[in-house]
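Here's a quick walk through the model below. Have a look at it first, then read on.

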Amino acid sequence: MSWVLFAIVAWLVGLSINVWLARQKPSRWAALASPIVFGLTLIAVWEGVVRGFDINQVLLPAPSVIAARFATSLDILWVDFVQTVIKGALSGYIIGCGAAFLTALAIDRFPFLQRGLLPVGNFVAALPIIGMAPIMVMWFGFGWQSKAAIVVVMVFFPMLVNTVQGLQASDSMQRDLMRTYAAGYWRTLLKLRLPAAMPFVFNGLKIGTTLALIGAIVAEFFGSPVLGMGFRISTSVGQLALDLVWAEIVVAAIAGSAFYGIMALVEGRVTFWHPSQRS
Amino acid sequence: MRNIFPILTVVGLLIVVWYGAAVALNAQWARDVAARADKTLTFSELVADTWSQDKPKLPAPHQVGAELWETTVMKKVTSKRSLVYHTWVTFSATFLGFVMGTALGTLLAVGIVFNRTMDMSMMPWVIASQTIPILAIAPMIIVVLNAVGLSGLLPKAIISMYLSFFPVVVGMVKGLRSPDQMQLDQMRTWHASGWQTFWKLRLPSSMPYFFTSLKVGVAASLVGAIVGEMPTGAVAGLGARLLAGSYYGQTVQIWSALLMAAALAAVMVGLIGLIQRVTLKRMGMA
């Protein structure tokens with residue numbers, strides 16, 4: 001009973017702090033503190049509810065149990081992280097985004113391709129590409145190569161569509177100005193159109209970060225060597241070792257957030273001039 | 001209409017590449033079989049063989065087409081071997097999850113726009129929630145819910161909901177905030193209450209954003225439903241077909257399930273586009 005009480009108190013305290021924070025004058029500090037308080041409240045309530053109502057470990061392990069498991073299985077988590085995130089997701093992400101960027105330049109150069117390939121690309125971007133995973137495993141084997149391949153396919157189209165849209169972002173006045181400067185295609189591309197495209201390019205890159213991680217993990221359900229996050233999740237669920245599964249989820253969440261955060265940081269540096277970057 | 005020719009060219013090119021890739025990928029197997037039978041294949045024999053194998057690495061388009069015809073038109077709709085039946089199973093989970101996700105997303109967006117506390121404390125977590133690869137833990141959710149007696153449609157729908165609520169939240173927050181200061185001031189000079197401003201100004205002006213989010217959300221829902229079907233040995237649905245096909249090396253089955261999923265996604269996105277056009281027209285916005 002006391003744990004339930006703890007959960008209720010934690011919730012009330014967290015809520016009142018946040019209400020108080022929202023009444024303060026807006027500042028960086030409050031904007032940072034508020035979500036942190038919310039997150040801590042969530043964890044405290046989770047812990048209290050799981051212990052208070054004596055919820056089965058299989059259903060939902062308490063945060064403290066997950067943290068303990070996380071600390072004791074660091075070596076496993078690290079091996080899985082390297083296999084799935086570094087080898088699978090990251091290499092696929094780089095290849096996929098790079099290829100999409102070059103394809104977008106080609107599409108932009110040739111209007112015929114733009115009219116033909118772009119609708120097809122838009123269509124493919126909305127498809128459940130994750131379903132390609134079994135085919136990729138069949139083609140490229142069980143290793144990380146097949147995971148990288150599915151990541152390439154998954155990030156390619158969002159990146160392509162965004163980059164092509166970005167290359168059209170500069171308006172005709174600006175292009176005319178470049179022409180009066182006697183700038184050729186390449187110079188206009190480098191000095192005007194690529195910089196103008198950057199907000200869109202980063203939009204594609206940011207969408208790609210989560211897709212890459214998801215693709216790499218899900219592809220492991222269709223066959224993988226005896227390591228990797230997807231492999232560990234599916235086998236641990238089978239053994240009802242739910243604390244280890246949640247530890248993997250924590251790793252995935254941290255990796256995903258960090259990946260996205262790095263991209264957002266680079267975006268802020270590169271496109272500092274864009275209105276959306278002003279606070 | 002002027003796009004038809006380029007699109008057809010690109011699609012035609014894709015099919016040609018597909019046939020070519022089928023030859024390249026399946027050639028090894030064809031040569032191995034021929035070598036064991038002490039034969040050498042001429043080029044035309046090789047091509048014919050690569051386009052008609054039972055378990056090719058890459059089935060040729062006409063094989064997939066034949067399989068699709070076989071499993072959709074030739075089978076009874078209620079039969080477990082009919083692809084229409086599997087598509088229906090997936091669609092029902094997708095639809096339920098999509099409706100739940102849209103409702104949740106819209107409610108959250110309204111809360112975030114109207115309540116500063118929610119805006120400050122929840123919005124970052126809504127974004128962070130999407131960096132957790134829910135698809136990766138979908139199997140766990142299904143298994144765990146199965147353990148407490150929840151099975152069938154709902155667990156899959158929950159995963160679909162989780163994937164589709166995010167685009168709706170983001171789009172609706174943006175949409176509900178899209179009226180500019182002038183319009184809001186106008187409402188104030190009319191002495192409109194918060195609710196009146198919401199119903200008469202904010203909600204209508206969020207509609208274009210709403211429909212764009214729905215299109216993204218419905219595609220995400222489908223992905224969620226398909227992945228939700230993979231664990232626990234689900235026997236029905238497009239995801240189950242994919243998994244079974246991958247276990248038994250039935251590539252033709254995988255490809256036909258994939259094409260069916262693609263068609264389903266296209267139809268759903270198209271339907272929303274249709275509703276969007278009609279709605280926006282009647283609201284005088286298109």
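Chain A exposes about 13,800 Å², with carbon and sulfur atoms supplying 71% of that area (Shrake-Rupley method, 1.4 Å probe). Keep in mind that this is a predicted model, where local features need pLDDT of at least 70, side-chain atom pairs count only at pLDDT 80 or more, and totals for chains, interfaces and linings use all residues. Residues are numbered from 1 along each chain as written, chains are lettered from A and ligands numbered from 1 in written order, and side-chain values use heavy atoms, leaving out hydrogens and water.

As for burial, 49% of the 279 residues in chain A are buried, meaning under 20% relative accessible area with a 1.4 Å probe, protein chains only.

On to the fold: chain A has eleven helices and zero strands (DSSP runs, H or I of at least four residues for helices, E of at least two for strands). Chain A is more spread out than a compact globule, because its radius of gyration is 23 Å, well over the 19 Å that the globule rule gives for 279 residues (C-alpha atoms; 2.2 Å times the number of residues to the power 0.38). Its C-alpha atoms fill a box of roughly 75 × 55 × 30 Å along the principal axes.

Now for confidence. The model scores ipTM 0.72 and pTM 0.79. Chain B averages a pLDDT (the predictor's confidence in each residue, from 0 to 100) of 82, and 94% of its residues score at least 70.

| Helix of chain B | Mean pLDDT |
|---|---|
| H5 (residues 116–131), lowest | 72 |
| H4 (residues 83–114), highest | 89 |

Conventions: Buried < 20%, exposed > 50% of the residue type's maximum accessible area, 1.4 Å probe, protein only.
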